[in-house]
Amino acid sequence: MSGVAHINMTSVWTFAGVLLLPPTLTAVLVAVLYWHLAVRSWYRLQRVPAWRTTSNATAVILTCFATHQAMAFTGIHDMRAALTHDWQGFAAIATGIAVYFVVGAVVVIGAREHIVWTPTGLFGNWTDNLLELATLGLGALNALALVTMPGLALLVLPALLLLHRSVLVKQLEVAATTDDKTGVYNTAGWHHTAEREFNRSRERESSFALLMIDLDHFKRINDTYGHLVGDAVLRAVAEAIKAEVRDRDAVGRFGGEEFVVLLPDVGVPEADLVAERIRQAVTRIRVPVDTDAGVVTGLSTSIGVAIYPDAGSGVQELLDAADAALYRAKHAGRNQVVHATPVG
């Protein structure tokens, strides 16, 4: 639902369950864990629907069953057997980690409401995936400790708490820099990213492009269909923009119906191509409406393009230049791309 990867650390226990328990008891373990999570979520938020917890638990159970099957295929069913087979046992556990990791990532895609069809949009970034691998590694060590010396399992807890704290810090950072309606950067988050990229580009003497994008006649949508449909349109436009840029490009919402995109290491020809792709992608958007109208179609955008250093020597100057180009696009009839006037 949130559009970003979420690591909840339960694989420390569920993967250990795969390595120690038969499939049926592993499913019971998952059910107990997610019942506990549901109670905590309800107590704190009181608005988490039961179907969401059930869906998450089912996805984890399917992942555990697939991992059980993969390890059975290697001929080593659990941690006890792995300890008697040296490197073959290590390979079986490594196979289990790989299967759990891949199946866990794939099985939830079909359940997601909003999907950005990029590697990061589908599976999270490198930090997310390394965190999941670290959690699975802790799960394997947890199982090893429980088989050899159960008291050592307590040593897993400090590492788990440290990882959990890092996840919470990251989630707070994301929440502080993300627009809650569209999932792209908010103004503060985008400015922070843009300033960092500006300093990098100045040091490397490289260019970057800045696109200012405004949805044409957005007020009509709100007046005709209501603000809930307007919010759905904004989300669809944000997704269309993200689908046409790279993972490293920064997409932000500057309030209302205005978006801004930072394109590192991009000159005029590439910026023109990206801006035109975005303009065309928005015209293809169809947003369902729960009225006789059916769907919202016929959307368009006006886009202003500014290139560093030609259109300005700082982020704010580039924003002003792109904004001026955007208004020229609107005054020229909308639904078009206009370049900022070079300075000097």
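**From a surface patch to the sheet**

Tutor: In this predicted model, a nonpolar surface patch is formed by Leu21, Leu25, Val28 and Val32, whose accessible area together is about 310 Å² (Shrake-Rupley method, 1.4 Å probe, only the protein chains shown counting as cover for residues). Patch members have over 30% relative accessible area and no salt bridge, nonpolar side chains (Val, Leu, Ile, Met, Phe, Trp, Tyr) being joined within 5 Å and like charges within 9 Å; a salt bridge sets a side-chain nitrogen of Lys or Arg within 4 Å of a carboxyl oxygen of Asp or Glu. Residues are numbered from 1 along each chain as its sequence is written. Local features need pLDDT of at least 70 and side-chain atom pairs 80 or more, while totals for chains, interfaces and linings use all residues, and side-chain values use heavy atoms, without hydrogens or water.

Val32 belongs to helix H2 (residues 23-45) (DSSP runs: helices, H or I, at least four residues; strands, E, at least two). With a relative accessible area of 49%, Val32 is partly exposed, that is, between buried (under 20%) and exposed (over 50%).

Five strands make an open sheet of mixed pairing, in the order S2-S3-S1-S6-S7; pairing requires at least two DSSP bridges. Strands S2 (250-253) and S7 (337-339) are at the edges with a single partner strand each, so one side of each has no neighbour in the sheet. From one strand to the next, the twist averages 20° (lines fitted to C-alpha atoms, for helices over the stretch in contact; N-to-C directions, 0 to 180 degrees). Three bridges join S6 (residues 301-308) to S7 in the parallel sense, and Ile303 stands opposite Val337 of S7.

Helix H9 (residues 187-204) packs on this sheet, touching S1 (208-215), S2, S3 (258-264) and S6, at about 25° to the direction of S3; contact means heavy atoms within 4.5 Å. Helix H13 (residues 315-331) also packs on the sheet, touching S1, S3, S6 and S7, and its direction makes about 145° with that of S6.

Notes
Buried means under 20% relative accessible area, exposed over 50%, partly exposed in between (1.4 Å probe, protein chains only).
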